[in-house]
Amino acid sequence: MKRIKISDLTNSEEFGSEVLVMGWVRTVRDSKNVAFIAMNDGSCLRNAQIVADMTVIDAEIIDKINSGASLRVVGKLVESMGKGQKNEVQAISIEVLGEANPDHYPMQPKRHSLEFLRENAHLRFRTNLFGAINRVRHNMIFAVHRFFNDRGFYNVHTPIITASDAEGAGEMFHVTAFDMKNPPKTKDGDIDWSKDFFGHETNLTVSGQLEGELAAMALSQIYTFGPTFRAENSNTSRHLAEFWMIEPEVAFADNHDNMNLAEDMLKYLVDYALKNCAEDLEFLEQRLLNEEKEKPQNERSEMTLREKLRFVLDNDFERITYTEAIDILKNSPAQKKKKFVYPIQDWGTDLQSEHERYLVEKHFKKPVILTDYPKEIKAFYMKQNPDGKTVAAMDVLFPQIGEIIGGSQREENYDKLMTRMKEMNIPAESMWWYLDTRRFGSAVHAGFGLGFERLMLFVTGMTNIRDVIPFPRTPKNAAF
Ligand code: 4AD
Ligand code: MG
């Protein structure tokens, strides 16, 4: 007999037919002579309702059916009299494939804190919440590829081990094959990287952009979707040391085209989630509503999760320059009432996420794209504006999250790029391959990076980035 997935089973009306179902026990409820088993196989949020009649199934087997056990059930599909499900399976035979001793199994059939679930990340997949999050995550991965494929973009695999620092921020994890207790040394006593595996110092990539640009200079429209690594010691609810980034790069496109692509992509992804993850989003929305009930009235959100998602679809993103944003922030009630932890100083300082969120949540009340940042606070590769002070950058800011996308038009002029690299102490010699694209057939081009887990935060309404990636890597934590 072929196994039926619970997503299909729970919709089936083939009453009287025999089915084979496999999955993990969520809860067991004993009543006089029957046990009601809620079983889940991850194919959807819904559980199969298994009815085990003790005159049919041995008491010895029923004894082993605890939360967490894996089962193989053969039974008859019958219409359900109970509320909440269409059908149930009257068990003919049950095989306990793997027991879960209730004295030791950590996942009790009750609400666990997110903290506890993080400590049990190996088992948290088995909760409704993490089942929902991971199904949404899969759908978003799929939608990213579909979005770009439909628009004629090619997916390019850029290297994970590199010898460059794309963002120039020095936040890299070293990669070495040396025995670090005893690495070869130069005459001066420094580590001799020329003797290392790759013949020079290497690190895990912070971004696939630089190699993505090389591909865009031939394939016109490319995107990368890979893991990126940052050794920044920011222990916040929005930073990971290992996260996934989507980086499109487009030749013959300027920063306006770039903004249009970013807005189209975000709207496409949100729309895809609403259409394809309805059941899981409804669950996530309900979870938030329950959480809200515990907050004071004035701190409750005005919109439900799906209303927030629809709101993004229905509104044009606000596009303003960094300079305009500074003016708004300087004159804001929040600045005057000293509500910012970091009060806005002068033009030229970087914005904190409290400022980004103020613009989005309080001032415009919709997503904002900030452009034309001071060149001092942005990476070396950004297109220099004629004013000599700003670069054609663009950051997309979202409610609750702040920066969800960072991108720019790129400096395609060899001399200007070279000058900027020197000013910023970027080692030009080792980046000859990057500079070559500006020497041979250079063209206007632009791109951006979407932090995949930040998108996941927005779509699921979760507030801690550690909960939207299966196994988070953060400072002092690489368990699992
Ligand atoms: O703004 P960032 O640093 O831009 C780049 O890396 C460019 N090379 C992208 C490009 O133009 N191709 O990072 C892009 C996005 C951010 O907007 C944010 O969403 C996410 O990546 N991000 C992080 N997400 C989780 N944890 C971190 N530590 C992150 N750092 C950046
Ligand atoms: Mg950025």
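What share of the contacts in the protein chain with a separation of 6 or more comes from residues 24 or more positions apart? The answer is 68%. Keep in mind as you look around that this is a predicted model. The protein chain has 480 residues, and its fold counts 14 helices and 16 strands.

**The chain as a whole**
- Picture a box of roughly 85 × 60 × 45 Å, taken along the principal axes: that's what the C-alpha atoms of the protein chain fill.
- Buried residues make up 50% of the chain.
- As for the surface, the protein chain exposes about 24,000 Å², and 49% of that area is supplied by carbon and sulfur atoms.

**Who sits around ligand 1**
- There are 24 residues around ligand 1, and the ones that come nearest are Glu-167, Gln-209, Arg-230, Glu-247 and Glu-403.
- Sorted by class, this shell splits into eight nonpolar, eight polar and eight charged residues.
- Three strands each bring at least two residues to the shell: E11 (242-251), E15 (402-409) and E16 (445-451).
- Strand E15 gives the largest share, with five residues.

**How the protein meets ligand 1**
- Arg-230, already listed among the nearest residues, has a side-chain N or O atom 2.7 Å from an oxygen atom of ligand 1.
- Ile-404 uses its backbone instead: one of its backbone N or O atoms is 2.8 Å from a ligand 1 oxygen atom.
- Gly-451 also takes part through its backbone, with an N or O atom 3.3 Å from an oxygen atom of ligand 1.
- How much of ligand 1 does the protein bury? Taken alone, ligand 1 exposes 630 Å², and the protein buries 93% of that.

**A look at helix H8**
- Helix H8 covers residues 305-314, and its buried residues are Leu-305, Arg-306, Lys-308, Leu-309 and Val-312.
- Look down the axis of H8 and these buried residues fall within an arc of 160°, so they line one face of the helix.
- What do the buried residues of H8 pack against? Their partners are helix H6 (255-276), helix H7 (278-293), strand E14 (390-398) and helix H14 (452-460).

Terms used: Residues numbered from 1 in each chain as written. Chains lettered and ligands numbered in written order. Predicted model: local features only at pLDDT ≥ 70, side-chain atom pairs only at ≥ 80, totals over all residues. Heavy atoms only, no water. Near = heavy atom within 4 Å. Polar contact = N/O pair within 3.5 Å; in protein donor to acceptor, adjacent residues only side chain to side chain. Areas by Shrake-Rupley, 256 points an atom, 1.4 Å probe, with all protein chains shown as cover. Helix = DSSP H or I, 4+ residues; strand = E, 2+ residues; numbered from the N terminus. Nonpolar A, V, L, I, M, F, W, Y, C, P; charged D, E, K, R; others polar. Buried < 20%, exposed > 50% of the residue type's maximum accessible area, 1.4 Å probe, protein only. Arc of directions from axis to C-beta. Contact = heavy atoms within 4.5 Å.
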